[in-house]
Amino acid sequence: MELDARKEKILKAIIQTYLETGEPVGSRTISKYTDLNLSSATIRNEMSDLEELGYILQPHTSAGRIPSDKGYRLYVDALMEEKRQEVAEIKELMIEKTNKMEKVLQQVVKVLAANTNYATMITGPSYNQNKVKFIQLSKVNEDQLLAVIVVEGNLVKNQILNLEEPMDDEQILKLNLLLNTQLNGLTVQEINLSLISRMKEQAGIHSKVVSDVLDAVAEAIDVEEDVQVYTSGATNIFKYPELADSARASELISALEEKKALADMVKEAEAVENSTGIQVYIGSETPVSTMKDCSVVTATYELGQGMRGTIGIIGPKRMDYENVVDNLKTLKVQLDSIFKKT
């Protein structure tokens, strides 16, 4: 017998309430919890049907109900399917948006080089302060679990966990419920000792597994993505005699082609940015050694939802700083507007 929408909603309310409280759930609680506008008597009848169908249990006479393994299974399967569909839809949207954004950034860096007559760079947006969206544990073999972690920005990370002792499907199921109930929507910084202690207590004999999963979550979220760097205007450096001799020019062009060095500079700029989001490096202050004869001005742009990127302008020490800073401030605003439309 398939459950109708009303029974499914009541079962979901029972499971969610039990996960939050750990106490058997009564009909009066459900009548307040759901938006079905049903009387306690009607809910009791539905709960009796759910019990007869094996989805909930009554641990003691006159007590409320708790989910059975069958009830947990239905709840988790529905949750997994909902999340799978959500992730698939978001991935498709983000691929489309990323393709548009890449074209925008390539155009922006060319315009910036033309407007300033300097070499320019811009990084694609990356995600900072990632939040946990969804965790799924599944058995690989008797000694290993696979943790699939979906974080803000719809990044999907996979991590293999080694087990000290085997776990059955129901134990894994209950850990999935615990992890998703407690961690969804949190950043690594918000997963504090109090929360960890509470989760380990709820996990009981499987507290070590919870600890390993939390480590895996932290590691997965902190994994750094490759920074996408777009450059333009490298030949502009030949316009300035102090940079135009063959040795200096060759070094500078190589530096602009060496995306890893630029990415490292970007990370440093983001770490030390001041209140205006503009950072100026002059000569030897520049993080890239081959740019020691240059000035580099960077700005961090924010696109919301933890997304951030960096714009950079590389020129001689005698660059027109006022014009450069004005261009960067204008571009920061324009990028925000462009991204919202893509």
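The side chains of Arg65 and Glu51 meet in a salt bridge, with 3.1 Å from N to O; a salt bridge requires a side-chain nitrogen of Lys or Arg within 4 Å of a carboxyl oxygen of Asp or Glu. This pair links distant parts of the chain, 14 residues apart: Arg65 lies in the loop between strand S1 (56–57) and strand S2 (66–67), and Glu51 in helix H3. The model is predicted: local features need pLDDT of at least 70, side-chain atom pairs count only at pLDDT 80 or more, and totals for chains, interfaces and linings use all residues. Residues are numbered from 1 along each chain as its sequence is written, and side-chain values use heavy atoms, with hydrogens and water left out.

**Burial of the pair**
- Arg65 is buried, at 13% relative accessible area, whereas Glu51 is partly exposed, at 28%.
- Buried means under 20% relative accessible area, exposed over 50%, and partly exposed in between (1.4 Å probe, protein chains only).

**Other salt bridges**
- The whole structure contains 10 salt bridges.
- Arg6 and Glu46 form one of them, their closest N and O atoms being 2.7 Å apart.
- Arg6 lies in helix H1 (residues 5–21) and Glu46 in helix H3 (residues 40–52), so the pair ties together parts 40 residues apart in sequence.
- Helices (H or I, at least four residues) and strands (E, at least two) are DSSP runs, numbered from the N terminus.
- A network of salt bridges links Asp4, Arg6, Lys7, Glu46 and Asp49.

**Overall fold**
- The protein chain has 11 helices and 11 strands.
- Of its 342 residues, 43% are buried.
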